[in-house]
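These are my notebook entries on one model. I record what I looked up, topic by topic.

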Amino acid sequence: MVSQTIDVLKNELPLEQELVVLPEDVVTGLVLVDIINGFCTVGAGNLAPREPNRQISGTISESVRLARLFCDKKLPVMAFLDSHHPDKPEDPYPPHCIQGTDESNLVPALQWIQNETNVTIRRKDCYDGYLGSMEADGSNVFADWVKNNHIEAILVVGLCTDICVLDFVCSTLSVRNRGFLAPLKDVIVYSRACATFDVPLHIATNTKGALPHPQELMHHIGLYMAKERGAKIANEVLFGALK
């Protein structure tokens, strides 16, 4: 039934993806969204997968590959890490990624980036990395990162496609459209390095407070809505010029 619904959805809301070439003469920043244990590592917490998940595993592998490329080229990288205060719940979700726990830390395959000089780590206590970058004095760590590194394009990867990735992309595009994020021009979401979680209907029905969240369906919707807001959706990313 779910697969039939996905097929209908993809027919009604077709998502055109593209090969994106990142020019060597343009500064592109890599944004890693919540590739942390609490969302990726089996059994790590309330919102972690209960068993190995192909979509999430693929996201980790592609994100690690891209992080290596960006670090080798000394290009700017920002990693958002969901990190919540225990007394501030994020409804409708159960407690997750609490500050000071391993849930809120990068997955083991990405922990090496913490020692890279071109990487900025930002812990956030909300879905949206842009809002989560706000400081008490009104400044914004993400906006400063874009401006200080003269970033003209960002490549966004991570979790969850339809929640934290989408919220961050929408806010960033809105701020860019208002002229407050110069010199940023392009926001690119790389579909093969994004993932979301899976809560089938039969599980949600028997779980108090849970909402159905079919993975493939919500992943498609998240990407579609990001494109609808003005993001480029890539299914392949290369550096350099097209031959």
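Which feature does UniProt place at residues 29-202? The unreviewed entry gives "domain: Isochorismatase-like" for this span. I note that UniProt positions follow the numbering used here, that feature names are shortened, and that annotations may be inferred rather than shown by experiment. The end C-alpha atoms of residues 29-202 lie 40 Å apart, and the span is 29% helix and 20% strand.

**Basis of the entries**

The model is predicted, so I kept in mind that local features need pLDDT of at least 70 and side-chain atom pairs count only at pLDDT 80 or more, while totals for chains, interfaces and linings use all residues. Residues are numbered from 1 along each chain as its sequence is written, and side-chain values use heavy atoms, with hydrogens and water left out.

**Strand 2**

I looked up the burial of strand 2 (28-33); helices (H or I, at least four residues) and strands (E, at least two) are DSSP runs, numbered from the N terminus. Six of the six residues of strand 2 are buried, so the rest of the structure largely encloses it. Buried means under 20% relative accessible area, exposed over 50% and partly exposed in between (1.4 Å probe, protein chains only). Thr28, Leu30 and Leu32 lie on one side, with Gly29, Val31 and Val33 on the other.

I then checked the pairing of strands, for which DSSP must find at least two bridges between them. Strand 2 runs parallel to strand 5, joined by six bridges, and Val33 has Gly158 as its bridge partner there. Four bridges join strand 2 to strand 3, also in parallel, where Leu30 stands opposite Val77.

**Helix 4**

Which residues of helix 4 are buried? In this helix (residues 141-148) they are Phe142, Ala143, Trp145 and Val146. They are on the same side of helix 4 because they cover an arc of only 160 degrees around the axis, taken from the directions from the helix axis to the C-beta atoms. They pack against strands 2, 3, 4 and 5 and against helix 5 (161-177), contact meaning heavy atoms within 4.5 Å.

At the N-terminal end, Asn140 caps helix 4, with a side-chain oxygen 3.0 Å from the backbone nitrogen of Phe142.

**Aromatic pairs**

I found eight aromatic pairs in the structure. Rings of Phe, Tyr and Trp (its six-membered ring) pair if their centres lie within 6.5 Å; planes under 30 degrees apart count as stacked, over 60 as edge-to-face and the rest as tilted. Tyr130 and Phe142 are edge-to-face, at 6.0 Å centre to centre and 75 degrees between the planes. This pair links Tyr130, in the loop between strand 4 and helix 4, to Phe142 in helix 4, twelve residues apart. Phe142 and Trp145 form a tilted pair, at 5.7 Å and 35 degrees. About one helical turn separates Phe142 and Trp145, because they are three residues apart in helix 4. Phe80, Tyr130, Phe142, Trp145 and Phe168 form one aromatic cluster.

**Backbone in the loops**

Where are the cis peptide bonds that I looked up? One joins Leu159 and Cys160, with omega about -15 degrees; Cys160 is in the loop between strand 5 and helix 5. Another runs from Ala182 to Pro183, with omega near 10 degrees, and Pro183 is in the loop between helix 5 and strand 6 (186-195).

Lys74, not a glycine, has a positive phi near 60 degrees and is exposed at 56% relative accessibility.

Methods:
Polar contact = N/O pair within 3.5 Å; in protein donor to acceptor, adjacent residues only side chain to side chain.
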